[in-house]
Amino acid sequence: VLEHGGRLRAAAQRYGIPLEDWLDLSTGIAPYGWDLPPVPAQAWARLPEVNDGLEAAARDYYGAASLLPVAGSQAAIQALPRLRTHSSVGILAPTYAEHAAAWRREGHRITKLSEGSVHRALPQLDVLLVVNPNNPTGRLIEPARLLDWHDELAERGGWLVVDEAFIDCTPQHSLAAYSDMPGLIVLRSFGKFFGLAGLRLGFVLAAQALLDELDALLGPWAVSGPARSIARHLLADSDGQRRQRERLLADGERLAALLRDCGLPPTGGSALFQFCCTRRAVPCMELLARRGILIRLFAELDSLRFGLPADEAGWLRLEQGLLDCAPILASLEETS
Ligand SMILES: Cc1ncc(COP(=O)(O)O)c(C=O)c1O
């Protein structure tokens, strides 16, 4: 089982701080969103049906010709490796660890690549996997570059898989519009931008033939009726989406500025999180956790990921926590 952010219960136990007293910044999920529409009783009582308007609303929102709703993009991450026989898979690293784990689990050969080494590796690859923008580093690759890589792979039956879980605030970088080309698979997470990770919904954008194979593998009723009903409303609410995008973009900049002012300049990020490389990553995470502020540590990368506070009280608490920790971290620096 891989480590993830959002494990607040484990943190509460470890640091002896009650669950309700934490400021949880350990994920990249929007901490605010929509007043949810009421869920019709039928959505709970009946088996979900596909002709309820969800797919049409999603095609409009993503700008994709064909797509498949899944129970979180994680469900697709785990299923896609089962649609290929033994393949050579390049993964732009470091990144969300579930991709490598899923391909390895199905017996494929994994090579971790840097952006600069893709060009040389491509002739040997059957599949290239890119998280764009990347989690946790925030690195963003231009669509034209990704499409070049896709051309080369698709020519010989290969795949480019682009995980766009964090792209909703910068849709101009998305490959959604090209996703019906054979060999291009785009994954979208519903939970992050819409702030509804618990709904467990995501979409696979790809050519219909591949979606049919994936659909058959995942089986009927993969997405619950209540999830379909709520998502259909939110995907059609373009005013709400614009407000959410503007607020998240502004808060992303505010978070980057706060971290810079407190001596932790981000090395990358997206609207939903900021990524800081620092030799003081472990003590910084510990000091904040003792103050009930949970962030995500990537010990092997000497780095930290900060998500967004939900409200002014959260911003003040984060600022105070960072200011309290700064002199302790500086003294550690001097003695090391
Ligand atoms: C890059 C990336 N892709 C996919 C997922 C899976 O998200 P979900 O299954 O909620 O859509 C995550 C979750 O954190 C992620 O970080």
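Predicted model: local features only at pLDDT ≥ 70, side-chain atom pairs only at ≥ 80, totals over all residues.
A polar contact is taken here as a pair of N or O atoms within 3.5 Å. Asp163 turns to another kind of atom: an N or O atom in its side chain is 2.6 Å from a nitrogen atom of the ligand. On its own the ligand has 400 Å² of accessible area, and the protein covers 89% of it.

In total, 13 residues surround the ligand, and the closest are Ser73, Asn135, Asp163, Ser189 and Arg200. Helix α4, which spans residues 73-79, gives the most to this shell, with three residues. The space that the ligand takes up is the largest pocket.

Arg200 lies in the loop between α8 (191-194) and β8 (202-205), and its phi is near 55 degrees, a positive value in a residue other than glycine. Most residues other than glycine have a negative phi, and most peptide bonds are trans. With a relative accessibility of 40%, Arg200 counts as partly exposed, because this value falls between the 20% and 50% limits. Asn135, for its part, is joined to Pro136 by a cis peptide bond, with omega near 15 degrees. Pro136 belongs to the loop between β5 and α7.

That loop also holds Asn134, between β5 (127-131) and α7 (143-154). Asn134 has 0% relative accessibility and so counts as buried. Its side chain makes a polar contact with the side chain of Thr137, at 2.9 Å. Beyond its neighbours within four places in sequence, Asn134 is in contact with Pro94, Thr95, Arg139 and Phe273. Pro94 brings in another cis peptide bond, the one from Ala93 to Pro94, with omega near -5 degrees. The place of Pro94 is in the loop between β3 (88-92) and α5 (98-105).

Turning to helix α12 (residues 281-290), seven of its 10 residues are buried, so the helix is largely enclosed by the rest of the structure. The buried residues are Ala281, Cys284, Met285, Glu286, Leu287, Leu288 and Ala289. Their cover includes the helices α1 (8-15) and α13 (312-335), together with the strands β11 (293-294), β12 (296-298) and β13 (303-307). After α12 comes Gly292, whose phi is positive, near 75 degrees.

A positive phi is also found at Asp302, a residue other than glycine, where the value is near 50 degrees. Asp302 sits in the loop between β12 and β13, and at 41% relative accessibility it counts as partly exposed.

Leaving aside neighbours within four places in sequence, Ser26 is in contact with Gly5, Gly6, Arg7, Leu294, Ile295, Arg296 and Arg305.

Notes: Residues numbered from 1 in each chain as written. Heavy atoms only, no water. Buried < 20%, exposed > 50% of the residue type's maximum accessible area, 1.4 Å probe, protein only. Helix = DSSP H or I, 4+ residues; strand = E, 2+ residues; numbered from the N terminus. Contact = heavy atoms within 4.5 Å. Near = heavy atom within 4 Å. Polar contact = N/O pair within 3.5 Å; in protein donor to acceptor, adjacent residues only side chain to side chain. Areas by Shrake-Rupley, 256 points an atom, 1.4 Å probe, with all protein chains shown as cover. 1 Å grid on protein atoms, 1.4 Å probe; cavity = no way out; pocket = protein on both sides within 12 Å on 5 of 7 lines; lining within 4 Å. Sits in = over half its atoms within 2 Å of the grid points.
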